[in-house]
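Here is a structure to read through together. A few questions will guide the way.

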Amino acid sequence: MNAQRRSLLIAAVGGQGGAVLTGWIVQAARSAGLVVQATSTPGVSQRTGATTYYVETAPAPEPGAPAPVLALMPLPGRVDVLLASELLEAARMLERGMVTPERTTVIASTHRILTAREKMSIGDGRFDSERIVGAIRALTRRAVLFDMEAVRMRHDAAISAALFGALAGSGALPLPRDACEDAIRAAGRGVGPSLAAFADAFDQVASTDAGVADEPRAARAPADEGTALPAALAQRVARLPIDVAQIAKLGALRTLGFQGAGYTSRYIDRVEAIQRAESALGAGVPASGAPVSCATARSLALWMCYDDVIRVASLKARRSRLARIRNEVQALPGDVVRVRDVFHPRREEVAAILPRALGAWLGRRRRTTALRGRGIALQTTSVTGALALRLTAALRPLRPWSLRFAAEQAEIDDWLAVVEQALAVGGSEAALAVARLPRLRKGYGDTQTGSTEEFRRVLATCREGGATGFAAAVEALRATRTAGQDGRERGAPVPKAQPMIWTPARKGR
Amino acid sequence: MEQSFAREVEMLAAGDGCVFHGEGILAVTKALLQSGVSYVGGYQGSPVSQLLDVMVQARDYLDTLGVHVEACTSEAAACAMLAASVNYPVRGAVTWKSIVGTNVASDALSNLASPGVRGGALIIVGEDYGEGSSVVQERTHAFAMKSSLCLLDPRPELAHIVRLVEHAFALSEAASTPVLLELRIRACHMQGSFVCRDNVAPALSMRRLLAEPAAPDPRRLPHPPFTFAHEQRKVDERLPAARRYLVEHGINEVFTAELDDAGIIVQGGLFNTLLAALAAAALVDDTGRSRLPILVLNATYPLVPEQLVAFCMNKRAVLVLEEGHPEFIEFELSAIVRRAQVDCRIEGKEVMGRAGEYTAEALVRGLERFVACCVPALSTAAAAAWRGEVDAVRARAQELLATPVPVRPPGFCTGCPERPVFAALKLVERELGPRHIAADIGCHSFAMFEPFFTGNSIAGYGMGLASAAGVAPISAQRTLAIVGDGGFWHNGFLSGVASALKNGSDSVLLIFQNGYTSATGTQELLSTPRAASRDDAGGDSTTASDTTIERLLASTGVRWLRTAHTYDVATMKATLAEAFTTQERGLKVVIAEGECQLERQRRLRPYVAGRLAAGARVQRVRYGIDEDICTGDHACVRLSGCPSLTVAQPADPLRTDTVSTIDSGCVGCGLCGEIAGVAALCPSFYRVEVVRNATAWERFAARLRAWALQVVLPA
């Protein structure tokens, strides 16, 4: 093939403006005096599915010579430029062999639009972005990778404008900047923001050959976390090995906010017990820290600060939260902002915060849907709504006498016993899995019921299955990556009465 | 309509010498006007929707030419329109997506083809085959053969396509035969240029009316004994006339080469891809010309035996590149060559593989095999090297990525009104158990993919209810059939509802009334909300304002009929549950009403911008998630799949698993809050109303509240 021909493949997600981008490139190439042809396969894939566009350019033919015949689809191994408006779509093109180290420049946005399957997992089902970036760098002649979604957001433009800027800035196609900007102007929609995003991305190309510049999210603890540990408790935390202490400190503050110093003391007791067991086991292990204790401290803190109605109300009814929401929805100072929270307390949740005897009585009653329906939308920004939430949160001192509190503490102790058992007979890998096992317990309502059942089943297998039983914990954790991707909830479905429909024979109607 | 074609409409009027820049399908549209069509019709569908969309938007201009445009309710209706050309010397063109549209049109098509036409009749079919296709993989070619139609498959170059459209009408008239012009997906969407000619105002048109009807002529009717005569004429007169036309006007093209003991016969539409493949296999010379001679069949039916024999004469082997199964051209060529006693080996599917799209890659691999077995003068080294390189790079990519890249099938748009219905259906299923669900064509068929995985069958457009007719009587659970309003008007009412009523079927039909045929680009329907109600609607859904479907169903005898707004999940769930369990016999219909979000947003954006500019009160709604409360089980995603409901790394340093979050794409449809409430999911969802230019009273009340909250709430 003629060396001056260039083939450009655009990989995108339907709805990102790939057609507009293709139009700009065609227009710019035309005004740069090139012969250009572009095509695509829209159709239903345009509705949020993976899609591609393909462009070929060639120098204008000599006068009298026939026009070059350009292709309508890419040939693997013969793509000069891959433009990807999303990272996984770049990976898809890698998988198809469209990118080669000798030939291809990859210009891709590093942000992710997660596929439904990735999002549906009960655990973390996301494809590893680092792995994609590594593969792109290993397989391309040149990689231009940065977060173009951020550029788009900065200028309130479409991501296609940022991609166009990155393409022009990379020089991978002989498209002069003026020709590109004129193409944006000629297309005539959202010109200002598009030009700004174009220029921003154009300039970033030079600075991003070095690496991906995704900023990690700033850590932020929940608002109900305690502020300062009492000295005695702080000293006990500090006596733990450094890696455990880091996590245990967070856990101690969390439990302090949840139920006060006595509860934190109980948290630290429990961490210390596991830590002693692990250090007894790990006499011969080199200084690899105490991973089981760390994992336990983490799981334990989250479990001990379980989400009951009291905690939810306490987290929702805060001025800092309302300020954060105002910021999130980009409200201007003069805007009126109303926040409504959706609650649907089931009988079980009400029973959970009642004193034990009363709660148990309520819980024994037939499970009904009386309290479900559509739920209650409470306007947190109204005086009555805020008061209702504050009053609920004010039940906190009564929590230790509640039904759920007792049940959770007993179950936590059961679990910790299995962690110790795993340390004693299963080894640190098994113990680590059991320490992380509470991650299975998730959700509210039916999801919570199902996931708790799953947790108890796996824990029982560990407890009773001897050394091999712990494999169930390892497997269960591994399975959370894909569990739920079939759209089903965990646990056995609750059997319900099936209506039987009797209708007379149809002939007689 | 989803897209505005103002610029394209302008281009349609371009005269002699102007250069047209644009997509293939729009070039065809322009070519129709240059050919002097009197009428244009069709049914929308990718990849040919735009032909009709542009024509509809260009009505004012077309009125000046006297050209009539009809957005038909089905392909059968579109094809029947061509009957005008049976009796009168008028040129007409219709368009649809194939194979599906041709299937629907086939009754009319046979009855059109049998008597033949006086005026040129052209059918532009979008051959929806290969990557990007959304239909069953079959060939339109079979229809051309069985009905003796001419089939053109032009080499994808705009000027050439335009020339062929013009020839198509002349060919149709010369052979008294309707002509099919087949364009592949990529050819329809190919951006290119050509030099225009003036449009031709038709001799008979809306401006120059037919003075009186043609005298009845039974020979033009498909009745016996005339049908027997039609068949004879097809074979004895019309096909030979078509072949003569093809030869005399050089429709098929031969590209010669220095090497002449082997060659390639290719469908016109594959030509560009073939050249790219030849180049990759180093089978071209320095100027980019093929080293093997090529016969380009721009007309793939009827074939011209003399032309084929002449090409194969003195060649040891010829490769036929013919996409799809079965290989009609290859079979016919083999017979022609055998009868002519030409000793030429015919290769095709044997080296190319029996089925599947002829991608550039498939062509390089096929060419390598062909050259290896039949063309000793050429080398396969370059093709083999390319193959090795690609195989290696793929293996390396798979190794580096470690696991297969997750699929990304199409799905519902952000805020789509159909999503909440499937969420409700999933919740009903949890309580009442699974049942047979007969799905249909339309956006709602995306429910077959994640996260809903709903639907047991699709039997064709509008066929949902009809396809449940055999299952319903043998199912313990009442069956559910689904149809969109597009499918309802296309076919669903007659084949589904009328049949179910006549037979007293005890099943449930769910009709999605979103107001448009949304999957094809939001074209209008009989039940599309009137323009006036759309203008007044503001932020509300407009579909409730049209009751055409309800009135039709009630008048034909549907006794159990409920309409529910789609975003109201609790009501939708209760309505579906009632339909599944009621003692009422007969057909039960649930109309799920909610305006297509694409159309709603298109309507809303200028409305909101206008109000903001005028300083008027505007309320927008967004949803959010308190990530401290989200436990990260993602049950909400499994009930929604909304693109703006996604997951993220938690900000809480203690947590490791992802939490749910709502991104800035949220349009505030409210599904999150609804399912959180109805499914008792979790209390982490919240709804935010942001009021700009609030009323004085609102601002005053807000200030009072803010002051009170300072007291009531902790920091």
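Reader: What am I looking at, and how are residues numbered?
Author: This is a predicted model, where local features need pLDDT of at least 70, side-chain atom pairs count only at pLDDT 80 or more, and totals for chains, interfaces and linings use all residues. Chains are lettered from A and ligands numbered from 1 in the order in which they are written, and residues are numbered along each chain as its sequence is written, from 1.

Reader: How many residues has the largest nonpolar core?
Author: Such a core is a set of buried Ala, Val, Leu, Ile, Met, Phe, Trp, Tyr and Cys residues joined through C-beta atoms within 7 Å. Buried means 20 or more other C-beta atoms within 10 Å of a residue's own, with C-beta atoms placed from the backbone. A:Leu82 and B:Ile675 are among the residues with the most contacts inside the largest core, and its size is 318 residues.

Reader: Why is helix H2 of chain B largely enclosed?
Author: Helices are DSSP runs of H or I, at least four residues, numbered from the N terminus. H2(B) spans residues 24-34. The rest of the structure largely encloses it, because its buried residues number 10 of the 11.

Reader: Which strand of chain B pairs with E7(A)?
Author: Strands are DSSP runs of E, at least two residues; they pair if DSSP finds at least two bridges between them. E7(A) joins its partner in the antiparallel sense over six bridges. A:Arg340 stands opposite B:Arg687. The partner is E26(B), residues 685-692.

Technical notes. A residue is buried if 20 or more other C-beta atoms lie within 10 Å of its own, exposed if 12 or fewer, and partly exposed in between; C-beta atoms are placed from the backbone.
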